[in-house]
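Open the structure in your viewer and keep the selection tool ready. The stops below say what to select and what is there.

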Amino acid sequence: MKPSAFRYALPSTLRDAIDIRARFEDSVILAGGQSLIPTMNFRLANPEVVIDLRKLDELNYVRVADGVVRIGAMARQRVVEQNDEVAAANPLIRETLLNVAHPVIRNRGTVGGSLAHADPSAELPTLLTTMRGAITVCGPSGRRTIAAEDFFEFIFTTAMEPDELLVEAAIPALEPGEGWAFAEFARRHGDYSVAGVAVTLKLGADRRIDRVRLGACGIATTPALLTECERFLTGKSPSPELFAEAGTLARDAVTVSDDSATSKVYRQHVLAGLVARNLTTAMTRTDGA
Amino acid sequence: MTETTEFEPNALVRINVEVNGRAVSEEVSTRLLLSDFLRHQLRLTGTHVGCEHGVCGACTVHIDGTPARSCLTLAVQVDGCSIRTVEGLANADGSLHPVQQAFKECHALQCGFCTPGFMMAVAGLLDERDDLRTAEDDSIREDIAGNVCRCTGYMNIVSAVRRAAELTNEKG
């Protein structure tokens, strides 16, 4: 098995990468290659041009400053996962990354690659969406920043123009005392999940829920924000019953229909369980819980 | 600063890599996978090719000291990198690497097809974790979950991971 023949471009600057991208209609970006190369091996993708970003050190960075974690598009998933500064600022990032495929895949896979690939069952797009993060892209006319909620439009489809490249993901830090949890359920460890849920939870001085973020992967054509659950929970006193009720409420967010592995009803059931379980975990990690 | 370069389809590109400590300079087709480069062009057939889409882990090698799937990497991508394959595990005098010794002692292989990939993944794990001697089965299984074995049922592989950590420790 091998990819079909392609023109290979190795830009040394971001500007050159964008120029090449603009010149060829049928081009793909090679970042970590952990999703692209399998599709090329199977010849599901037969691009005319492959643009390899490995020389773009300008996109390979991780910075934590002013309450925001900024991850360059070419930062390897494993490097971000093992970065203690990132984990201190927002521990949800590490917990989410630990669920992305296997360690050996994360050694090569990049954060930018996963986001640009926009698989609705993938973990990182859901992390960005749940955290209300932002994605910066760069094209011939310059940079622009897109809210994660607006970035993912459909399966494998983003708000990027064909001649734009993803350059940075920005994820807010958690506030002191804010709890977090990411967990997913898969038939085999490391497989695509039936569903996965990301949560952050912050209590107010009155011990009621001051702010909750809830998002899920694997249940819709984009990463899903469970906004109804968020509204339902805000201002209430946390309890196991409340979290179970939020899980039940989340079931309506499943819009994908039955597939070869999982029925819609089962997916709803898994989602409801994960929402309740992750809220409970996040609760135990809040300040003074 | 290197220049931006573009290559026609099927162009041959010269890559310079270090493979198991030896400098190699070869011309490769841009679409050649690293796994096929190692096996067909360098005749290092210890790296096994199973699924060719990143699921089975049989083709795992080290790129600049880090385990990676050679079937999910193009040969041109490793220009300037250092590659270690299963052929590079044993010492120059022929004595076995702790991972090889442990797999032998614990009978952690049957047909042997997955073994090179497993050993490269475990060798990487030994570099990363110093708690493996006493680690729970679950945590070891989690770390080797990216490699598939269809014979052993994994019990002996988990034992071999622990034994490899012991042997590494003894050597200091």
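**Stop 1**

Select Val161(B): leaving aside neighbours within four places in sequence, its contacts are Val122(B), Leu125(B), Leu132(B), Ile140(B) and Ile144(B) (contact: C-beta atoms, placed from the backbone, within 7 Å). The model is a predicted one; local features need pLDDT of at least 70, side-chain atom pairs count only at pLDDT 80 or more, and totals for chains, interfaces and linings use all residues. Residues are numbered from 1 along each chain as its sequence is written, while chains are lettered from A and ligands numbered from 1 in the order in which they are written.

Val161(B) is also among the residues with the most contacts inside the largest nonpolar core, along with Leu271(A), Val275(A), Ala75(B) and Val122(B). That core has 136 residues (a nonpolar core is a set of buried Ala, Val, Leu, Ile, Met, Phe, Trp, Tyr and Cys residues joined through C-beta atoms within 7 Å; buried means 20 or more other C-beta atoms within 10 Å of the residue's own). Its largest share, eight residues, comes from helix α12 (residues 264-284) of chain A (helices are DSSP runs of H or I, at least four residues; strands are runs of E, at least two).

**Stop 2: α2(B) and α3(B)**

Next select residues 98-105 and 115-128 of chain B, helices α2 and α3. Val99(B), Gln100(B) and Phe103(B) in α2(B) meet Thr115(B), Met119(B), Val122(B), Ala123(B) and Leu126(B) in α3(B). The axes of the two helices come within 9 Å and cross at roughly 125 degrees (axes are lines fitted to C-alpha atoms over the stretch in contact, with angles from 0 to 180 degrees between N-to-C directions).

**Stop 3: β4(A) and β5(A)**

Finally, select residues 62-65 and 68-72 of chain A: strands β4 and β5 pair in the antiparallel sense over four bridges (pairing requires at least two DSSP bridges). Val64(A) stands opposite Val69(A) in β5(A). The two strands form a hairpin with two residues between them, and Asp66(A) in the turn has a positive phi of about 50 degrees.

Conventions:
Buried ≥ 20, exposed ≤ 12 C-beta atoms within 10 Å, placed from the backbone. Contact = placed C-beta atoms within 7 Å.
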